[in-house]
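Subject: Structure handover

Hello,

The structure is pasted below. My notes on what was found in it follow.

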Amino acid sequence: MKLGSMMILGAILIAAGAHAEGAMPAGTVAAGKAKSAICAACHGMDGNSTDPQYPKLAGQQASYIYRQLVLFKTGVRQNPIMLGMAMPLSNQDMADLAAYFSAQKIITGVADPKAVAVGQAVYRGGDRASGVPACMACHGPDGRGNPGAVYPHLAGQHTTYLRTVLTAWHDGTTWGKTTHAEIMPTIARRLTAAQIADVASYIAGLHTATPIVPTQPTVNNAAFATNPPQQ
Ligand code: HEC
Ligand code: HEC
């Protein structure tokens with residue numbers, strides 16, 4: 001194994017293994033698909049939930065999905081529904097489910113035009129006055145996150161869900177006591193309710209830099225023009 005990939009794996013193990021759940025096993029998409037039927041009721045067959053209180057899992061980092069399932073199962077991330085869902089899962093099940101959902105394409109939402117100015121400013125630049133760092137520093141300019149560091153994909157997530165988690169962190173919820181888990185509560189505490197609403201809406205409409213290939217090429221979609229789909 002190359003040193004680089006060992007370091008990435010190390011980061012995942014440190015983040016996911018905080019509760020002695022062991023290493024993240026290698027998951028497979030096919031096995032995950034077979035195990036995902038029970039998840040579809042809330043998260044959608046392909047991980048694109050329609051009810052905005054349930055997060056979309058499509059395109060999410062496998063390392064992040066795995067970490068969350070471990071956190072739910074151990075009760076560190078407290079949610080009665082997901083506690084029940086994660087309880088019977090083995091580490092292998094979690095890794096397979098993570099592989100399956102991460103391989104699906106997320107269907108992004110649309111930002112409220114009135115939220116874009118503030119939402120984009122916070123996302124790209126943070127808020128110096130209140131000590132909020134730029135979201136894109138970790139989640140990426142296109143909201144894709146960083147699998148090695150277990151920073152989740154955000155782009156296209158439901159506004160409702162994003163507001164719920166950011167507000168919960170703002171109000172004192174944490175997902176454990178690790179340095180990693182403290183990052184978001186520390187940031188969210190400094191956001192106002194209005195900033196949370198606007199940045200959540202902005203993120204819901206954020207597209208990835210590699211566009212979801214449109215059925216009709218549009219004139220101003222530069223990325224599509226320079227990188228057309230292969231027939
Ligand atoms: C009855 C509805 C329901 C079912 C079925 C369900 N979930 Fe969830 N799931 C939720 C809810 C609600 C949340 C949000 C929890 C919160 O707010 O902390 C969630 C959150 C998650 C998250 C965290 C996502 C994120 O962006 O942080 C993951 C991962 C997840 N579920 C995976 C699964 C998997 C895998 C299954 C199937 C084994 C499953 N869920 C089945 C309701 C459900
Ligand atoms: C220093 C890195 C860092 C910065 C900066 C950062 N985040 Fe995060 N973010 C994280 C990490 C790490 C997690 C996952 C936390 C966990 O798993 O315990 C996360 C998770 C999230 C989630 C949960 C996603 C989900 O699917 O449940 C949201 C929403 C979020 N961040 C929004 C933001 C916003 C908005 C900003 C800017 C105001 C921001 N983040 C800035 C590191 C960062």
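Helix 10 is the largest contributor to the shell around ligand 2, giving five residues. Helices here (H or I, at least four residues) are DSSP runs, counted from the N terminus, as are strands (E, at least two). This is a predicted model, in which local features need pLDDT of at least 70 and side-chain atom pairs count only at pLDDT 80 or more, while totals for chains, interfaces and linings use all residues. Residues are numbered from 1 along each chain as its sequence is written, and chains are lettered from A and ligands numbered from 1 in the order in which they are written.

Ligand 2

The shell holds 23 residues, with P133, C135, C138, W175 and A181 the closest. A residue is counted as near a molecule if its C-beta atom, placed from the backbone, lies within 6 Å of it. At least two shell residues each come from helix 8 (136-139), helix 9 (159-170) and helix 10 (179-188). By class there are 19 nonpolar, three polar and one charged residues around ligand 2. Nonpolar covers Ala, Val, Leu, Ile, Met, Phe, Trp, Tyr, Cys and Pro; charged covers Asp, Glu, Lys and Arg; the others, Gly among them, are polar.

Helix 9 and helix 10

The axes of these two helices come within 7 Å and cross at roughly 85°. Helix 9 is therefore roughly perpendicular to helix 10, a term for angles of 65 to 115 degrees (under 35 is roughly parallel, over 145 roughly antiparallel, the rest oblique). Axes are lines fitted to C-alpha atoms, for helices over the stretch in contact, and angles run from 0 to 180 degrees between N-to-C directions. Helix 9 makes the contact through L166, W169 and H170, and helix 10 through M184, P185 and A188. Contact requires C-beta atoms, placed from the backbone, within 7 Å. Five of these residues are nonpolar, one is polar and none is charged.

Ligand 1

Around ligand 1 there are 18 residues, the closest being C39, C42, P55, Q68 and N79. Helix 3 (37-43), helix 4 (62-73) and helix 5 (80-86) each give two or more residues to this shell. Helix 3 has the largest share, five residues. The shell around ligand 1 divides into 13 nonpolar, four polar and one charged residues.

Confidence

The protein chain averages a pLDDT (the predictor's confidence in each residue, from 0 to 100) of 86, and 80% of the residues score at least 70. Mean confidence is highest in helix 9, at 98, and lowest in helix 12 (residues 222-226), at 35. Over residues 211-231 pLDDT stays under 50, and the model has ten contacts there beyond four places in sequence.

Regards

Note on methods:
Contact = placed C-beta atoms within 7 Å.
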